[in-house]
Amino acid sequence: MFSGKQTKPTFKSYLPPLQTDSKKSPQLPIKKLEAKLLPGEIVVNEANFVRKCISAESCQDDLWGKLVCTNFKVSFITHNSLPRQRFQCTHRLLGEHDIPLACVEQVVTVNDVKGKQKILGSNQKLKFNPTELILYCKDFRIIRFRFDEAGPESAKKVCLAIAHYSHPADPQLLFGFEYVGKRYHGSTGERVSGIDPGGGMQTTLFDCSSDWDREIKRIGASEWRVCTINQGYFISPSLPEFFVVPVSLADQDLKQYACFFYSQRIPLWCWNHSSGSALVRMSNISDPQQQRKVEQRISSAITKSHPLRSDVFKSDLDKNLPNIQDIQAALLKLRQICVIDPFEESEEKWLSSLESSRWMEYVRTFLRHAVEVVYMLESRNVPVILLEKEDRDLSCVISCLVQLMCDPHCRSLHGFQSLIQKEWVMAGHRFLDRCNHLKKNDKEESPVFLLFLDCVWQLWNQYPAAFEFTEVYLTVLGDSMWVPIFSTFLFNCPRQRAENSRVIVIYQITHFYVFFFFFTSLLYFLRWVPEAQIPQGGPITAFHKLSVLTDEIDMLLNQLRQYKGAGGTPNSLHAEHSKMYFKATSTPHQPPAPPEYLSSSFPFSPVGNLCRPGILGSPLSKFLNGAKIWLSTETLANETI
Amino acid sequence: MEKSGSVDSVESLCSSTTTRSDRSSGTRVSDTELRSKGRAIEKVLQCKYTSKGELPLLPEELVQDSAKDVTYICPFIGPVRGSLTVTNYRLFFRCTDREPVFGLDLPLGVLSRVEKIGAATSRGDVSYGLVCKDMRNLRFVHKEPEDSLKKSVFEVLMKFAFPVSNNMSLFAFEYKQVFPENGWRVYDPLAEYKRQGLAKESWRITKVNDHYELCDSYPAALVVPVTITDEELRRVSSFRAKGRIPVLSWIHPESQAAVVRASQPMVGQNGRRCKEDEKLLQAIMDANAQSHKMFIFDARPSVNAAANKMKGGGYESEDAYQNAELVFLDIHNIHVMRESLRKLKEVVYPKIEDSHWLSNLESTHWLEHIKLILAGALRIADKVESGKTSVVVHCSDGWDRTPQLTSLALIMLDSHYRTIRGFQILLEKEWLSFGHRFQQRVGHGDKNHTDADRSPIFLQFIDCVWQMTRQFPAAFEFNEYFLITILDQLYSCLFGTFLCNSEQQRLKEEVPKHTVSLWSFVNSQLEEFVNPLYVHYPSHVLFPTVGIRHLQLWVTYYIRWNPRMRPQEPVHQCYKELLAKRAELQKRVEELQREAANRTASSSSERAGSPTRSITPVQTYV
């Protein structure tokens, strides 16, 4: 738990300020360097006297500590604290120097004396003693460790362990199966920041027929019904057990049609526009002879469901959108230019290299396509079928974007999570393959979900007040793909997920750092780059002010309520469950504390994540004469005390 | 296009976008559209008519001519027929056959060029092109009057659009609106130097330029080190280009490190030296006890500075100025900047090519120039703040790049200049009194549109300020609308503020006497220009990040004429609403408090057990 509240000593009291939050009590210095483990997490290997490199040029800022490999993460434990570690914002599951194994993209060992280098996979041998370990992460971090003072054997062992455990042979070996932590989902009384637990709003999982019934009712799709023929996954392994079909199609017919579709995927209903036009996703029909007949039947059933009996519009996604390999290639290029070293030399070409990565172009293509579908649904008032060969990648993006644009419910926090559950998780997006958790098939790897989040970010950027969540939420959601504790993003389809039911179904990934109100996804892509940071600036400063103001309004409302209720005397100034991340100061007449821990990377810290200096600097520091005094004196130095 | 902003406006976005893209299959949702955000500038293509349909004329504004049946070739919605009216201040175009009523309302001052395009068609139609200083081009088609003696409305337009070329006075000299505040009193140099905390033992205000004899482009009040006599200053003035000697611009309240501005030394090919100039710079360094060094920032690329030696100019040699370190900031000259803006206009108006948007933008180098200017200012601010060293800033003449750099550095260093009034003082001081040649750079009322002296130097500065407001949304008291208003009024010639080239000229023309100051207008309706997110941190020095990745194209200025760049609901609009809500709640709580207090007082016997607690009001920061 954290709060933006800063209690400062006043003239009246020279005693340290009272701790208002018991959870915030100062941590006693830990005597030994021990990894903080989650329930079920075990240490596999460790090495002492390891140096984490902070700067590429010099080692004076480097941190000393212990490198630990567990069955969940790579952890670096140190007594040294980084300068400017002021923000009291911590991840619930991961420490500042922790990297979940699933987030490790490549493990590279180096021996700079012998001039050798090797990329390590699982069960491999290493013929030299590594002096250096470089971890390339899926979230664009590059982390370097040096073993100059560590024992050569233990260094080798820990490298091999990291390589081995970051390449699990089987999904069963992913940490989610070992994790025996508490179940967040549905747990009552658990106060999570940003969420009102008793508010009745919860993420719908769509794993039972009543969830779908409720969704049909919410949307008012009376011509549609829940179909149960896939119970026990007898028809299709990649479809959910329950899904929605037109009332006019009988189970018998559906069973008959199923075999014509790719992987027996019967068309899935997604959503209805308020005009009654349905949005349906469909895979290709494998048998060309049956194609016309089956398509005809499905289309006419959808037409029947429409109040005006409008004909169906088919939108071929494979033809109009980039494929998954294109998307992956774009991300690789984008990563190149986002973390490219040296950063400042790429400055002049930033815009054109961004363009040549094609990532933005793809984001635009997806958004534009979604807008076209919305146009068909809304202005032309016709039902739309999203056609995709497998119906498990591109249609997830388009159907979600359409609903986000049209249905305000989807822009609430729970609405958004329910949407992801419905259109990604239950519809069988291959998270396991697309994330390449097992690092087995690189061809299947593709950041479709990240692309979707970027599209959402673009919408959010245009209409920040239309969304209940913020930029940070989207970033954390993207990161959670690499934290394999959440079954949500761990499997290829609902059946696989169900078979592995030992994994707890948790959905509150969102509760690490949630900002309630609102707020090139600079935050996602450039947050680790120290040069790209704006000290004491960025949109977060505006958000900070908004939060505080909203919180103040909340307090006032509370006071009013108390006056009305209790007939006179309010008892506590500050309501217990403030929704805001940054809270209003209840101490009056205290000058507004400049939020010096805020920067454009907040709440992420770029320190030590790209092995580059310039914690406080900017690209300028490089060509400044006497760069030593660069931003390090006075104003900023005072903050690091 | 209406401004969309409601919670459900995503729908309206989608529907309207698709409707459009359906009509003309070529249009798409553009990148910039996705990224664009900011305040609604309502002027876009809208013109507010009075309820009777009459033109709302300003005081002393007179209709000069009007014509019916003029066609405006709108690049976004196609040809529109309507009527055109020309006054001595503006151009009105109104089309009535459309809903909502479509109109154009622009001050003639924004026109840089009006020309007849091609010959008359068989139907007698003639096409006119209007090139504007504010990033748009307009095109009209009109029938030539049959009576060849009668002037066409466009000929009348040309006369009033370029009054200076036609020996007429600018509209600012006619305009007689009275505002509650007199903006000409905003800046008082002596009061400003006093506010900075000028140390009398090291600096003095000299009267040597009282009659603009030392330097006609400098202000009357100049601050120089006490150890330098007026006679020495006169010698220095013959050594510095245009007599623009090194004088104090700003002084750090604690370290006494100074920001000094000047023009280039007239070193020439023979390496001329000037004893008094060397003494002056030494004195400037000595005035700051914290440092035994000083930095001379030459804004130019070193090649340009060297080339200036051929023309008698140059830069300070290390031999002559031993404790000074010379740094070149690589900012290009006015011609390069003009060319860059011309390219930018090509890229953003009227159509934006989506598929190559980013590389096209890059090829204009506009953001790169912005970056270099900001980076230069940042280095100056850093030397003064972190290094506690005094700095001298100059370019060639010290009236273009120099005010860009000094004023940006001052905004970073001194939070006073981030307030609305402080910013006005900054412009009055660094730009107007120190002789940025507004008349030449903008070409007020002058038809010579190819004049090589025109350049968007001031626009670049405002763009840099805007970049900083993006990075520090809570550090500036003014909002984006304030910056856009300044730019619009720079061209409009409605106010006298940006007329003439120097303080001396403005006095000679009696500009303050005969015209209204822009600040009279602004300060009489401050609430329009206030950034609700503003927090006043007195000693907060801003160090913006100047990487290209953090610079954005100022879409809401450069692309505001494109109806597809509809402004998004800005955060501060929402914040304003919340502020109002808070005020309202605060009031209700206070009422209830009083009520409760009264009740407790009257029935204290009944409620003896529950003491009334006093409630501290929620603090108001704004």
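**Close-up views of the predicted model**

Figure 1. B:F93 has B:L104, a residue of strand 4 of chain B, as its bridge partner. This predicted model shows strand 3 (residues 90-95) of chain B running antiparallel to strand 4 of chain B, with 6 bridges joining the two. The two strands form a hairpin, and 6 residues lie between strand 3 and strand 4 of chain B.

**Figure 2. Burial of strand 4 of chain B.** Strand 4 of chain B spans residues 102-107. Because 5 of its 6 residues are buried, this strand is largely enclosed by the rest of the structure.

**Figure 3. The largest nonpolar core.** The largest nonpolar core comprises 274 residues, and the members touching the most others are A:F452 and B:F423. Helix 8 (residues 359-378) of chain A supplies the largest share of this core, with 13 residues. Apart from this core lies another, of 37 residues, which includes B:Y193, B:F239, B:C274 and B:A283.

**Figure 4. Surroundings of B:F423.** Residues up to four places away in sequence are not counted in this view. B:F423 touches B:I411, B:H416 and B:Y417, together with B:F461, B:I462 and B:V465. The contacts of B:F423 also include B:F478, B:F482, B:L483 and B:I486.

**Figure 5. Domains of chain B.** Chain B is divided into domain 1, covering residues 34-168, and domain 2, covering residues 183-574. A distance of 34 Å separates the C-alpha centres of domain 1 and domain 2 of chain B.

Note on methods:
Residues numbered from 1 in each chain as written. Chains lettered and ligands numbered in written order. Predicted model: local features only at pLDDT ≥ 70, side-chain atom pairs only at ≥ 80, totals over all residues. Heavy atoms only, no water. Core = buried A, V, L, I, M, F, W, Y, C linked by side-chain atoms within 4.5 Å. Buried < 20%, exposed > 50% of the residue type's maximum accessible area, 1.4 Å probe, protein only. Helix = DSSP H or I, 4+ residues; strand = E, 2+ residues; numbered from the N terminus. Contact = heavy atoms within 4.5 Å. Pairing = 2+ DSSP bridges. Domains from an automatic or database assignment.
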